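Subject: Structure for you to look over

Hello,

Here is the structure I promised, with my notes below it. Please open it and read along.

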Amino acid sequence: MNNNKNEPNSSFDELYIRYHRMVFSICMSVTHDTEQARDISQEVFIRLYQWWDRIDDMGKIKGWLCITAKNMSINAVRKEQRICELKEEETASENNPEEIYLTKERKTIIENALSQLDEKYNEVLSMKYMLGFSVKEIAKATNTLNATVYTRLRRAEKALNELLKEALI
């Protein structure tokens, strides 16, 4: 890979060729929709190009691409879910409003707990449980050691459990 930041087009093209399939796969694993995954993949690379001159460490591009693809895909899915939930609420509210309320409350509690976690813990939890990455894949994407990933996962799970216990008491 060409690390010369003065030649963004050739380096960017190389990165695109190297990583576009990986980015698409991540988007696809979250959205389960080919067209949406293609759109999001393109948006990820557009964002990379827009931030190109601010990138200090070219060695972390793969991790950045993984995280950005995951986050953009999750955001797209959440947006769709909100739209679907609104439609479902309209029809389901007639059936069992208490059940709808409890489901929303549980989701809110979990999302709040996740948002309170340190970014590095949130990152490994998302890659492990939402994207299905192995510890080895997470270590490679985040440019860390396998042992570091194991430790972060263990600490993240413990912290999340504590936050959820507090929220449910």
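His32 sits in the loop between helix 1 and helix 2. Helices here are DSSP runs of H or I with at least four residues, and strands are runs of E with at least two, both numbered from the N terminus. The phi of His32 is near 60°, a positive value in a residue other than glycine. Most residues other than glycine have a negative phi. His32 counts as exposed because its relative accessibility is 63%. The cut-offs are under 20% relative accessible area for buried, over 50% for exposed, and partly exposed in between (1.4 Å probe, protein chains only). Asn143 also has a positive phi, of about 60°, and is not a glycine. Asn143 lies in the loop between helix 6 and helix 7 (146–168).

Two notes on the source. This is a predicted model, where local features need pLDDT of at least 70, side-chain atom pairs count only at pLDDT 80 or more, and totals for chains, interfaces and linings use all residues. Residues are numbered from 1 along each chain as its sequence is written, and side-chain values use heavy atoms, with hydrogens and water left out.

The overall picture is as follows. The chain has 7 helices and 0 strands. Along the sequence the pattern reads α-α-α-α-α-α-α. Of the 169 residues in the chain, 33% are buried. Take the contacts (heavy atoms within 4.5 Å) between residues at least 6 apart in sequence: 62% of them join residues at least 24 apart.

Next, the aromatics. A search of the whole structure gives 4 aromatic pairs. Rings of Phe, Tyr and Trp (its six-membered ring) pair if their centres lie within 6.5 Å; planes under 30 degrees apart are stacked, over 60 edge-to-face, and the rest tilted. Phe12 and Phe45 are edge-to-face, because their ring centres are 6.3 Å apart and their planes stand at 85°. This pair links distant parts of the chain: Phe12 is in helix 1 (residues 8–31), Phe45 is in helix 2 (residues 34–51), and they are 33 residues apart. Both Phe12 and Phe45 are buried; for Phe12 the relative accessibility is 12%.

Phe12 also pairs edge-to-face with Tyr49, at 5.0 Å centre to centre and 80° between the planes. Phe12 lies in helix 1 and Tyr49 in helix 2, so this pair ties together parts 37 residues apart in sequence. Tyr49 is partly exposed, at 41%. One aromatic cluster takes in Phe12, Tyr16, Phe45, Tyr49 and Trp52.

Helix 1 also holds Ser25. Ser25 is partly exposed, with 42% relative accessibility. The C-alpha atoms of Ser25 and Ala69 are separated by 9.2 Å, and these residues are 44 apart along the chain.

Last, a helix contact. The axes of helix 5 (residues 119–130) and helix 6 (residues 135–142) come within 10 Å and cross at roughly 135°. Axes are lines fitted to C-alpha atoms, for helices over the stretch in contact, with angles from 0 to 180 degrees between N-to-C directions. The contact is made by Glu123, Val124, Met127 and Lys128 of helix 5 and Ile138, Ala141 and Thr142 of helix 6.

Best wishes
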